[in-house]
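Here is a short report for a first look. Keep the sequence and the 3D view at hand while reading.

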Amino acid sequence: MLEFAVISGSAVTATNSGGGYALSASSTQGTSILSTSDGTGSGSAMLLRQNASGDGSNALYAKTYTHTGTHYGVQGVTTSQGAGVVGQGSSDTGVLGQGTVGVVGQGTAYGVVSQGDGLVSGGNLYDDGGVSGVCSVAAGATSASCPFRVAFMDTTARPVVVVTPQGDPGGVYWAGDASATGFTLNLASPAPDAVDFGYHVVGLYTSAAARAKLPSAAAAARPSRARR
């Protein structure tokens, strides 16, 4: 067991100019590397840089192997304002996840926060009802109440709903009265038959609210720090 404590600078520096790994850690039980940043100053528990020009080079490469139970290549947890894991890429990908589930975000407010292009996908997108759903209008009805399966936790965000009929609605339709818990689907004339409407919903912040609430926007608003 090794322990390092420093007042400033780096406790451990690992450099590799060839192939392989600058630092390799493995564990048969528990955690391979635990890095903690404490105190009131600014800094990082662990700073990783990748300057190699070769394709497939990684500042951090984490892999889990087939075992029973649930395991994570990288798990980031924060109990204060901020993010468990932050990925930034000026010309490539900030965070790349591969596997049955590439990236999972869990939070009491936000699971995954993205700045710039929110999501780039090379395949299908799946949702369990948080951002999409189906609302049905009965035959002869002119409206339907459509509750969200997952209500918005932050009621200051404005839900923006886009609906698409999955059959002939018989005329003009629109979404109204959107709130944190749902919306109302309206038809200008009675539906000739029962019809399903698919919908997508996102919570829209004003610019000021986004800067105050979202970690990515807050980070962008801070003065840039000198590179180490």
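## Overall layout

Which pattern does the protein chain follow when read along the sequence? The pattern is β-β-β-β-β-β-α-α. The model behind this is predicted. In it, the protein chain holds six strands and two helices.

## Burial and contacts

The protein chain has 228 residues, and 15% of them count as buried. Its exposed surface comes to about 17,900 Å². Carbon and sulfur atoms supply 49% of that area.

Now take contacts between residues at least 6 apart in sequence. Of these, 57% join residues at least 24 apart.

## A nonpolar patch

Six names make up a nonpolar patch on the surface: Leu23, Ile33, Met46, Leu48, Leu60 and Val74. Together they have about 540 Å² of accessible area.

Ile33 is one of these residues. Look for Ile33 in the segment before strand 1, which spans 132-137. Is Ile33 buried, partly exposed or exposed? Ile33 has a relative accessible area of 42%, so it counts as partly exposed. That value lies between the 20% and 50% cut-offs.

## Asp177 in its loop

Where is Asp177 found? Asp177 sits in the loop between strand 4 (173-176) and strand 5 (182-187).

Asp177 has 64% relative accessibility. Exposed means over 50%, so Asp177 counts as exposed.

Technical notes: Residues are numbered from 1 along each chain as its sequence is written. This is a predicted model: local features need pLDDT of at least 70, side-chain atom pairs count only at pLDDT 80 or more; totals for chains, interfaces and linings use all residues. Side-chain values use heavy atoms; hydrogens and water are left out. Helices (H or I, at least four residues) and strands (E, at least two) are DSSP runs, numbered from the N terminus. Buried means under 20% relative accessible area, exposed over 50%, partly exposed in between (1.4 Å probe, protein chains only). Contact means heavy atoms within 4.5 Å. Accessible areas come from the Shrake-Rupley method with a 1.4 Å probe; for residues, only the protein chains shown count as cover. Patches are made of residues with over 30% relative accessible area and no salt bridge: like charges are joined within 9 Å, nonpolar side chains (Val, Leu, Ile, Met, Phe, Trp, Tyr) within 5 Å. A salt bridge is a side-chain nitrogen of Lys or Arg within 4 Å of a carboxyl oxygen of Asp or Glu.
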